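Me: I would like to learn how to read helix packing and pockets in a model. Could you take me through some cases?

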Amino acid sequence: MFGIFTGTVANAAMVIAGTAVGCLFKMDILKKIGDRVFQAFGFFVMVLGISGAIALNQPIFTLLSLVIGIAFGEIVDLDDKFTRLGNFLQSRFSKSSDSKFAEGFIQASLLFCIGSMSIMGAMEAGLQNQHSIYLTKGLIDGISAIGFSMGAGIGVAFSALAVLVYQGLMVLGANIISGILTDEIIALSTQIGSLSLIALSFNMLGLTKIKVANFLPAMFIPILYQAILVMLGMA
């Protein structure tokens with residue numbers, strides 16, 4: 001049973017390793033380079049989001065999913081909970097009062113958890129006990145963590161906790177509800193995640209302060225919709 005989490009654990013470990021490497025190069029002389037690299041990642045995330053959302057299928061359903069999911073996210077205020085957790089971790093593990101610890105934790109957590117590879121990797125691990133997608137994602141995330149941590153510091157390493165919890169729950173969920181998932185539903189969830197990445201990129205570039213964490217529930221509205229149809233015998 002625990003074997004289905006192998007890819008998730010490896011992914012989290014690579015995030016920690018990448019952050020360690022990035023922090024080694026986070027010297028004063030390289031601070032400006034780290035800041036520019038962080039901005040470059042903002043543009044990279046924007047391109048990832050646009051490429052994933054450009055072939056938008058069922059736009060009305062996608063819009064409704066966003067409205068319902070974001071409304072739920074706002075009611076629960078996931079962004080506030082992320083921020084509180086980031087501030088708590090910062091108070092325990094960072095000595096600097098003006099540290100970017102919380103910012104690095106929140107934005108890295110969202111970056112590493114939102115996107116097609118998170119969803120597809122969960123399907124592969126939960127349904128087939130295979131881990132090639134998460135191992136590949138882990139390598140990408142590890143390299144990203146190097147550049148990310150040069151600008152945001154050690155807080156990026158703690159995003160590994162979010163990866164473990166979020167992807168672990170998705171893998172477990174995929175294993176439980178394997179019978180109701182279809183390629184179309186997975187594609188819709190992936191496209192909604194791509195739209196969330198675009199919003200995240202705006203925050204990374206300092207253009208907005210969108211509560212991207214409150215977008216997360218929207219990714220699961222298509223899956224919930226399919227589950228309801230199955231329960232009613234309409235799918």
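Predicted model: local features only at pLDDT ≥ 70, side-chain atom pairs only at ≥ 80, totals over all residues.

Me: How closely do the axes of helix α1 (residues 6-24) and α8 come, and at what angle do they cross?

Reply: The general idea is to take the distance and the angle between the axes together. Here the axes of α1 and α8 come within 9 Å and cross at roughly 165°. An angle over 145 degrees counts as roughly antiparallel, so α1 is roughly antiparallel to α8. The two helices make a right-handed crossing.

Me: Which residues of α1 and α8 make the contact?

Reply: From α1 come T8, V9, N11, A12, V15 and I16, and from α8 come S159, A160, V163, L164, Q167, G168 and V171. Sorted by class, this contact of α1 with α8 has eight nonpolar and five polar residues, with no charged ones.

Me: What is the crossing angle of helix α5 (residues 101-113) and helix α7 (residues 132-152)?

Reply: The axes of α5 and α7 cross at roughly 155° and come within 11 Å. The same cut-off applies, over 145 degrees, and α5 and α7 are therefore roughly antiparallel to each other. The crossing of α5 past α7 is right-handed.

Me: Which residues meet where α5 packs on α7, and how do they divide by class?

Reply: On the α5 side are F101, G104, Q107, A108, L111 and F112, which meet K137, D141, S144, A145, F148 and A152 of α7. The contact of α5 with α7 has seven nonpolar, three polar and two charged residues.

Me: How are helix α9 (residues 183-204) and helix α10 (residues 221-231) placed?

Reply: Their axes come within 8 Å, with a crossing of roughly 155°. That makes α9 roughly antiparallel to α10. In α9, I185, L188, S189 and I192 meet P222, I223 and Q226 of α10. By class, the α9 and α10 contact has five nonpolar residues, two polar and no charged.

Me: Turning to the pocket, how much space lies in the largest pocket, and which residues are closest to its centre?

Reply: Rolling a probe the size of a water molecule over the atoms shows where space is left empty. In this model, the largest pocket holds about 430 Å³ of space. It is lined by 18 residues, and L78, F82, V165, Y166 and L216 are the closest to its centre.

Me: Which elements give two or more residues to that lining, and which gives the most?

Reply: Two or more lining residues come from each of α4 (78-93), α5 and α8 (159-176). The most come from α8, with six residues. By class, the lining of the largest pocket has 16 nonpolar residues, one polar and one charged.

Notes: Residues numbered from 1 in each chain as written. Heavy atoms only, no water. Axes fitted to C-alpha atoms, helices over the stretch in contact; angles between N-to-C directions. Helix = DSSP H or I, 4+ residues; strand = E, 2+ residues; numbered from the N terminus. Parallel < 35°, antiparallel > 145°, perpendicular 65-115°, else oblique. Left-handed = near helix turned anticlockwise from the far one by under 90°. Contact = heavy atoms within 4.5 Å. Nonpolar A, V, L, I, M, F, W, Y, C, P; charged D, E, K, R; others polar. 1 Å grid on protein atoms, 1.4 Å probe; cavity = no way out; pocket = protein on both sides within 12 Å on 5 of 7 lines; lining within 4 Å. Points joined across faces, edges and corners; volume = space filled by probe spheres on them.
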